[in-house]
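I opened this model to take notes on its folds, rings and metal. The entries follow in the order I looked things up.

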Amino acid sequence: MSTNLLTIRGIVLKETPVGEADKFITILGKDYGKVSVSVKGAKRVRNGLTAGTSLFSYSDFYIAETKKRMYLNSAEPIETFYNLRNDLSALAYGSYFLEIVNKLLFENMPSNNILLLLLKSLTAVSKNIIPNKLISSIFELKILEYNGYRPEINECINCRKPSDKNFFITFEGTVCENCLAKGCFHIPLNETLLYTIRYILTAELNRLFTFKVSTKTINSLSSFSRHLIKTQLNLNLKSINFLKEIEEFQ
Ligand SMILES: [Zn+2]
């Protein structure tokens, strides 16, 4: 049987134990997309595979590929995001990000923009510079954008009047008071919230995890982005319950 040797740089999205000592890991790899790799003897500390193949680990994976399957030969960690494990809130958000990415992506479809978004979001959560809830909204709006969702943010979705602070935001975008449909999900805008949503949808990724807004704006933004994740992606996320509990304490 022919074997290919390859190196994939990527992050561990999911671990699935197999028997006593083995596991499968799901990696989001640069230029590869989501791949599944068999790790033999993962739980034996001595083989040195633990750090590089744990959840959140961003590593170089040295892989032997046969026709049927990928096997891990070794892994060299670049960033393990180890401190996410020491902070319950950071862990809750990190797990939520991993689960969304894992459930959203199909195997073997390169998704470098989502990989970069995930790395930037995990870095932001682990550094604790801006509030986790704001990081989460940025992650949610960007991943929806990469998945093809583009709300209208410049004018009313119905009458085309230019958007302003008296408008509402719905899942299709900004809408004026006259055109707001009864019973549809909406959040009242104000100048800051409108500006923040526009900024997240238009600014470069590098500039996104640095700005600060009030808690009130963060909460409105989060209601909007969470609603979109729930209705647009429909992923049946397990991590959301733990995350909601954590958020109630904040
Ligand atoms: Zn209108």
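Is Tyr199 buried or exposed? I looked up Tyr199 and it counts as buried, at 18% relative accessibility. I take buried as under 20% relative accessible area, exposed as over 50%, and partly exposed as in between, with a 1.4 Å probe and protein chains only.

**Ground rules.** This is a predicted model, where local features need pLDDT of at least 70, side-chain atom pairs count only at pLDDT 80 or more, and totals for chains, interfaces and linings use all residues. Residues are numbered from 1 along each chain as its sequence is written, and side-chain values use heavy atoms, with hydrogens and water left out.

**Overall.** I find 7 helices and 8 strands in the chain. Helices (H or I, at least four residues) and strands (E, at least two) are DSSP runs numbered from the N terminus. The C-alpha trace spans about 65 × 40 × 30 Å along its principal axes. Of the 250 residues, 49% count as buried. I also checked contacts, meaning heavy atoms within 4.5 Å. Among those between residues at least 6 apart in sequence, 60% join residues at least 24 apart.

**Zinc.** I looked up the donors of the zinc ion. They are Cys156 (SG), Cys159 (SG), Cys176 (SG) and Cys179 (SG), at 2.3 to 2.4 Å. Donors here are N, O and S atoms within 2.8 Å of the metal (3.2 Å for Na, K and Ca); water is not among the atoms, so sites may look incomplete. The site is tetrahedral, with angles of 99 to 117 degrees among its 4 donor atoms. The ideal angle for four tetrahedral donors is 109.5 degrees. Along the chain the donors follow C-x2-C-x16-C-x2-C. Cys156 sits in the loop between helix 4 and strand 6, and Cys176 in the loop between strand 7 (173-175) and strand 8; this pair links distant parts of the chain, 20 residues apart. Cys156 is buried at 0% relative accessibility. Cys176 is buried too, at 2%.

**Rings.** I count 4 aromatic pairs. Rings of Phe, Tyr and Trp (its six-membered ring) pair if their centres lie within 6.5 Å; planes under 30 degrees apart are stacked, over 60 edge-to-face, and the rest tilted. Tyr96 and Phe97 make a tilted pair, 6.1 Å centre to centre with 50 degrees between the planes. Tyr96 has a relative accessible area of 0% and is buried. Phe97 is buried, also at 0%. The Tyr199 and Phe211 rings have centres 5.4 Å apart and planes at 80 degrees, so I log the pair as edge-to-face. Tyr199 lies in helix 5 and Phe211 in the loop between helix 5 and helix 6, so the pair ties together parts 12 residues apart in sequence. Phe211 is buried, at 15%. Ring pairs link Tyr96, Phe97 and Phe139 into a cluster. Arg226 lies over the face of Tyr96, 5.2 Å from the ring centre. My cut-off for that is NZ of Lys or CZ of Arg within 6 Å of the ring centre and within 35 degrees of the ring normal.

**Helix 6.** Arg226 brought me to helix 6, where the buried residues include Arg226, Phe224 and Leu228. Among the elements covering them are helix 2 (88-104) and helix 4 (132-146). Asn234 follows helix 6, with a positive phi near 50 degrees.

Conventions: Four donors count as tetrahedral if all angles lie between 85 and 135 degrees; four count as square planar and six as octahedral if opposite donors are over 155 degrees apart and all others between 65 and 115; anything else is irregular.
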